[in-house]
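Hi,

Here is the structure I said I would send over. Have a look, and then read on for what turned up when I went through the charged side chains.

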Amino acid sequence: MNGLVGFLERSIVPIAAKIGSQKHLVAIRDAFIGLMPVTMAGSFAVLLNVFLRDLPNEWWGAGNGVTATFAWLIGMNGHVWQGSLAIFAILFALSLGYNIAKAYDVDPLSGALVSLSAFIMGLPAVATIGEEAGWGFFNFAAHFGARGLFTVLLIGFLSVIIFCKFMQWNITIKMPESVPPAVSKAFAAIIPGAVALYVAALVYYLFGFFTGGESLIEWIIETIQAPLMGLSQGYGAVLVIVLLVHLFWFFGLHGANIMQAILQPLYGAAGIENANAFEMGAEIPFQWVAGSFDAFVWPGGSGATLLLLVAILVFSKRSDYKMVGKLGIGPGVFNINEPVMFGLPVVLNPLLLVPFVLAPVAMATIAYAATMLGWVDPVVVPITWVMPVGISGFLATAGDWRSIILSLVNVAVGLIIYIPFVIAANSPKLGGGDAQAEQE
Amino acid sequence: MIIVSSPMQQNEITELLTGYNGGDFTFRFKEKGGIRLFFEVTGDSREAARKARELIKSTPWGAILYFQSIAAE
């Protein structure tokens, strides 16, 4: 194992460190994380409406007492959703611009505004109502939600980089020192901001010119975003992600930090699109999203370690294992697994490598098949990752009771996978000497 | 005493902490046990563990490391 660790330190760590500290990727990751207060509020609003409007309407029909009584709250939830998940691309444009500018050590507010402006300027804004055509009508559902995400990632990103470079090259308007800092900063950003926005405008104009007026955002959605997100829906992609994340965790590398900048634009965006489609009563576009992993694949945290803890409490005869089991089970219910990962430890423990990887792989396979076959509804509400297993799936699927059965099946499968390894660890050859002593 | 658990970059972590001279804490490497590195510290061990976490995370490789830094009573 030491040789393997040495090999990983020489070959994988430098690459992973470069990815994990690459400032643009870090900015993208932080841009998603920074939106959490708003996206969680939006998710909560969607979730509340499930239990106040959607399920009562399904069970008792339109005009039922629950929905009528809470009509005021349902309306408020609609407002929260409209100001959060429904305008995800706009919020992301701000957050991305802010974080990239911060990474380049230039004024973050200006960066956020440049990114937002570069995104909005390219949106189709002409609509035909009846026989009248007019300007100023944005297609809220088509472009403001997660569907606009890749356009932000391309055009917003490009414009902020240009802005930052001009700021760093000091091509700015300099004000006397007597001018207040806020005014000075705003003036300094005029030339870089104008150049960045004109470059973005040129990109939109040239694209429209050469395509006979086609919209760049629609082209990006159709040609780049849809195929990539389509790829994310394949079993192979899900399997590779589960395998990679767990191998990273097992060898003491932060799987989420390494892969988040790649996963969030695909599975995170798919989750937001699902939530928006659900709230609008439209067809659910994606079967597998970021929340699917949280709901069904890793109860207790990475490696489904809650099931390892349960197996330890029931089958282990080792005092050190039992101690970790007792200490770890509380946090484990809420998917916090540092106590078991480092206490047992699971990290770099050759005995536990197989179940640590195999259990989530098996659970992902079962959940993926159940979702694709329509046995369980897809995840449509982004739920916080600390939600306990069973409840998480139920809420995330907007109250599909079959998700609870799926969670129970997955728990059983995970336990079956872990139990033999926990029993094997009782062997004196593997450090379970106290177990033998107890038996004697 | 604090325990830093990490299978990766153990030499780098040891060098980083023992070479730290910020004035608030000193870290003296005591021993290694599997993935655990034990350090004698001056001052409050909980604060020292937090400082060690900060120092490790501030390195280029710290962001991708899955590790734990805790006070040992």
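Below are my notes on the salt bridges. Bear in mind that this is a predicted model.

Over all chains, the count comes to 10 salt bridges. I'll pick out a few of them.

Let's start with R53(A) and E279(A): these two form a salt bridge, with their closest N and O atoms 3.4 Å apart. The pair ties together distant parts of the chain, since R53(A) sits in helix 3 (residues 36-60) and E279(A) in helix 14 (residues 255-280), 226 residues apart. How accessible are the two ends? R53(A) has a relative accessible area of 18%, so it is buried, and E279(A) is buried too, at 11%.

Next up is E218(A) with R147(A), where the closest N and O atoms are 3.9 Å apart. This one also links distant parts of the chain: E218(A) belongs to helix 12 (residues 216-231), while R147(A) lies in the loop between helix 8 (140-144) and helix 9 (149-168), 71 residues away. E218(A) counts as partly exposed at 25% relative accessibility, and R147(A) is partly exposed at 26%.

Finally, D320(A) and R318(A) pair up with their closest N and O atoms at 2.9 Å. Which end is buried here? R318(A) is, at 7% relative accessibility, whereas D320(A) is partly exposed, with a relative accessible area of 34%.

Cheers

Key: Residues are numbered from 1 along each chain as its sequence is written. Chains are lettered from A and ligands numbered from 1 in the order in which they are written. This is a predicted model: local features need pLDDT of at least 70, side-chain atom pairs count only at pLDDT 80 or more; totals for chains, interfaces and linings use all residues. Side-chain values use heavy atoms; hydrogens and water are left out. A salt bridge is a side-chain nitrogen of Lys or Arg within 4 Å of a carboxyl oxygen of Asp or Glu. Helices (H or I, at least four residues) and strands (E, at least two) are DSSP runs, numbered from the N terminus. Buried means under 20% relative accessible area, exposed over 50%, partly exposed in between (1.4 Å probe, protein chains only).
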